[in-house]
Amino acid sequence: MLDVLGLEPDEERVYRALIGRPDTTVALLSDQLALSHAPVDQALSRLVECGLATRSADARFTAAPPAMALGALIGRRRDELRTAEQALVTFAEEHRAAMTGSSITDLIEVVTGVDAIRHRFLQVQQAARTQVRSFITAPFVALPPDENTAEPMALGRGVHFRAVLDREVLAEPGIVQDAIESLRNGVELRVADQVPMKLVLADADLGLVPLAVTPAGEPGAVLLHRSGLLDALDALFETVWRTAQPLRLSGTEGASEAITEVGPEGPTELDRRILALLLAGLTDLSAATQLGLSARTLHRRLRHLMDLAGVRTRMQLGAHAVRAGWVEPSGT
């Protein structure tokens with residue numbers, strides 16, 4: 001766990017043991033951890049050096065308070081990361097200047113294989129300073145949305161995420177819950193009837209576009225640096241984004257709790273999710289599957305909403321839902 005702060009596994013083990021056994025010796029810790037004296041002594045020396053432990057004149061060791069000692073290490077690592085980020089900006093500017101007038105082979109990198117594409121996909125997001133934009137289509141070849149570890153890290157840096165989902169993606173297992181989590185974290189999502197390709201853009205500097213599989217059966221992709229082609233993809237994304245429908249799936253409660261009937265004041269959070277999915281174009285079966293409902297329950301909820309709205313058709317229900325604020329209207 002503490003390897004991110006530069007501690008080796010043995011050092012972390014010794015520190016944990018020291019927390020629960022203050023004013024102890026190398027011999028006692030060695031017995032407790034079933035380690036020889038040499039690695040324990042070495043670990044303790046390192047902990048003292050890092051300020052995580054103190055050594056008395058009679059060679060007894062005590063752990064420094066974790067909140068103080070680890071907090072100092074974490075602060076130091078934050079400062080190092082900020083320095084690295086500043087260096088990254090400088091390097092990126094130098095790279096862009098060097099790429100000006102470069103040949104086409106310098107502007108396009110061909111990436112082959114699932115692992116290589118996954119690595120580049122994460123790198124593109126990690127390189128973003130202000131925004132990441134993407135087209136999401138099925139199937140997920142290199143990295144499913146719930147395994148995209150770069151997204152929460154970039155969001156934590158203040159990077160703005162926007163994504164357009166192909167409507168068919170909403171029928172993928174678990175995608176609605178992933179979408180709810182992303183929306184909760186500040187990602188903007190929209191849905192289009194058809195997305196032209198898979199795509200991820202980092203600022204106006206990098207773009208990753210998957211290609212057809214190679215003759216050997218491996219997936220391929222191209223990594224694009226700043227160029228006229230990247231500008232065209234930038235414009236394509238913004239065009240599709242403007243015409244796509246916003247996806248808003250509010251609420252975090254489980255479906256089983258939201259199924260209960262309500263009074264005339266309005267729909268439950270589950271009802272709002274049902275309406276949002278159906279207005280996004282999912283079939284009854286796909287919407288029910290995503291929400292963990294039976295078709296009968298979904299139809300019962302729709303009948304209840306129609307009664308609540310005083311309408312007789314689903315088209316009328318959709319119009320009423322937008323007017324009444326049950327769902328957000330599509331917009332640009």
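## Around D203

Setting aside residues up to four places away in sequence, D203 touches A127, A128, R129, T130, Q131 and R133, where contact means heavy atoms within 4.5 Å. D203 itself sits in the loop between β7 (199–202) and β8 (206–211). Helices (H or I, at least four residues) and strands (E, at least two) are DSSP runs, numbered from the N terminus.

What about charge? D203 is buried but has no salt bridge, and R129, the nearest side chain of opposite charge, is 4.2 Å away. Buried means under 20% relative accessible area, with exposed over 50% and partly exposed in between (1.4 Å probe, protein chains only). A salt bridge needs a side-chain nitrogen of Lys or Arg within 4 Å of a carboxyl oxygen of Asp or Glu; for charge, Lys and Arg count as positive and Asp and Glu as negative, while His and the chain ends are not counted.

## The model and the whole chain

This is a predicted model: local features need pLDDT of at least 70, side-chain atom pairs count only at pLDDT 80 or more, and totals for chains, interfaces and linings use all residues. Residues are numbered from 1 along each chain as its sequence is written, and side-chain values use heavy atoms, leaving out hydrogens and water.

The protein chain has 14 helices and 10 strands, and buried residues make up 41% of its 332 residues. Take contacts between residues at least 6 apart in sequence: 68% of them join residues at least 24 apart.

## Helix α2 and V26

In α2 (residues 26–33), the buried residues are V26, L29, S30 and L33. Seen down the helix axis they fall within an arc of 105°, so they line one face of α2; the arc is taken from the directions from the axis to the C-beta atoms. They pack against α1 (9–19), α3 (37–50) and β2 (61–63). Just after α2, A34 takes a positive phi of about 60°.

V26 has a relative accessible area of 15%. Beyond its neighbours within four places in sequence, V26 is in contact with H37, V40, D41, L44 and F61. V26 and L44 are 18 residues apart in sequence and 8.1 Å apart in space, C-alpha to C-alpha.
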